[in-house]
Amino acid sequence: MSRFDKWLERRARNIARKTSRRFFLAKLGTALVGASAYPLLPIARSQATALASEADPGSPEDCEYWRYCAIDGFLCACCGGTASSCPPGTALSPITWIGTCRNPADGKNYIISYNDCCGQSACRRCQCMRNEGDKPVYLTSQANDVNWCSGSSADMVYNCSIAAIMGVEDEA
Amino acid sequence: MLKIVALAFFGLSFTAQADLPVDLPIVEKLKKPNNAWVWVSDGTGDFSKSRLFDTTSGKMLGMLSTGYWSGGLVLPSHGRDIYAIQTHFSRSTRGQRTDILAIYDPETLLEKGEIEIPPRRMSALIQKGLSSVTADDNFLMVQNFTPAQSISIIDLKNKRFVAEIESPGCTGVYANSSVTFSAICGDGSLMWVQMDATGNVIDKGFTDPFFDSYEDPVAADGVRVDNQWLYASHNGYVYPVDVSNVVPVAVERWSFLTDQERADGWRFGGFNHIDAHPQSRRLFILMQDGGEDSYEEPGKEVWVFNIDSHERIARFDLEHMALGLEVSMEEEPHLYTSAVTFPIPTWAVVMLAVFGHESSLMEIADFGLDIYQADTGKLERTIENATSAPTLLQGW
């Protein structure tokens, strides 16, 4: 294991620097419409979610919410939870994948933990696939294609995903 | 008088028609599989299923229920069995987890046995690369994740679980020969494993890294052509790995994009984006032009390359955007794609996308199966409502 631990440690800073600063359209919208054709789309959405706090702008029920830059799943905020809490009746998977998202309010890059909530069947509300900085399954800690409920102590079925702030990226 | 004649005529015509025969309901059996049959799996359902279609007639032929977030089917070349790697919970969505390799009769589609395997199988959106069967159909390797990574080895010939070996930092398993396999590691290297004739590991090691897993990661969805595994990378290169010997050898990569195409944002797309027709030395890649990080976006074209010269020999516009492809092994092959269509006018689709209702689009999307001529790219048939979440197409 040590060769991989050392290698991962060496790469960690690089990952956080490069991962997920872009603000793309949701995957399907991009495919249908074309990113270049509707460059103002994210702005239109932020106006629609003006009720959110100024420091944490956007709606956690909206796929374009800034924290969801590397998410792939059903949004727990639409399923009885919030952006950082699981719905009642589920279990929080302690293992997770990590992304780095830029908060448009303060311009800082935050490290986001995308935990899965487990134990009820798939919520199937607010499906959201962003994939910014997502990596293949052999880079597991950056892979959002993995069912993170499986294999953990919450070894149950997948319900939805949250996006919890772990801290601000070290600018150094 | 006319009325009486007419009544008599119709009365005679009714009595002349024989009654329909009495039905004797039965359960169908499958005929011998052929290369025009394809399995369509939805790997991420709470109750996954694989549906079988005859692409010649467009008819659905049958279905297998494959447990929670299925690992897809394993279709051995001898045709005597169908295997499915499955996860089950004792209380449906909770309780004790059991992982099995279910064994089905290919004629009746009834289960005829199972092998219990360690309850650690990795479940993920992608399916290819999470298990692999040796060319002689004797051994099946299954990727595990707890999140510690390991690989289960199953003896298909003797129907028994053999061993579980650690694969630290490596996920994505590929059978190389009848007794060797490898896995892709996070540092861009391969772990290689040699087994004895009973499936027990007798040697293993790591190659040097042959790709940069952060700058240009290869997808776990590899395709086998002769003695090479071919892996497409996010930036548009094919990385061939020669597996003629116990220790795999990376061959020089080649680009399937020009610099201009790369700059224009062309990348592979979908969940199963690559397949080959070895008989005609053709490689098929599902393509889209969404730029960086777009590699799981639906494909809108299929590009065809000569495996040896690396030249692009065809470029097909798809009728419908697609989440995966599969090439049949027919002499004149067909190209199957997981087609995404919407039962509303195009302008309505665009408006929903523009105003941020992609999730509504997903609710009404129809996931079908498109059948194209692989030589010309001509669409022959669309089978609607083939699956609820396309993750894997497998020709039989």
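Which residues does B:Val251 touch, not counting residues up to four places away in sequence? They are B:Gln228, B:Pro240 and B:Asp242, where contact means heavy atoms within 4.5 Å. This is a predicted model, in which local features need pLDDT of at least 70 and side-chain atom pairs count only at pLDDT 80 or more, while totals for chains, interfaces and linings use all residues. Residues are numbered from 1 along each chain as its sequence is written, chains are lettered from A in the order in which they are written, and side-chain values use heavy atoms, with hydrogens and water left out.

B:Val251 lies in the loop that joins β19 (249-250) to β20 (254-255) of chain B, strands being DSSP runs of E with at least two residues and helices runs of H or I with at least four, both numbered from the N terminus. B:Val251 counts as partly exposed because its relative accessibility is 35%, between the limits for buried (under 20%) and exposed (over 50%), with a 1.4 Å probe and protein chains only. From B:Tyr239, B:Val251 is separated by 12 residues in sequence and by 6.9 Å in space, C-alpha to C-alpha.

Chain B as a whole contains four helices and 29 strands, and of its 396 residues 56% are buried. Among the contacts in chain B with a separation of 6 or more, 44% are between residues 24 or more positions apart. The accessible surface of chain B, computed by the Shrake-Rupley method with a 1.4 Å probe, comes to about 17100 Å², and carbon and sulfur atoms account for 53% of that surface.
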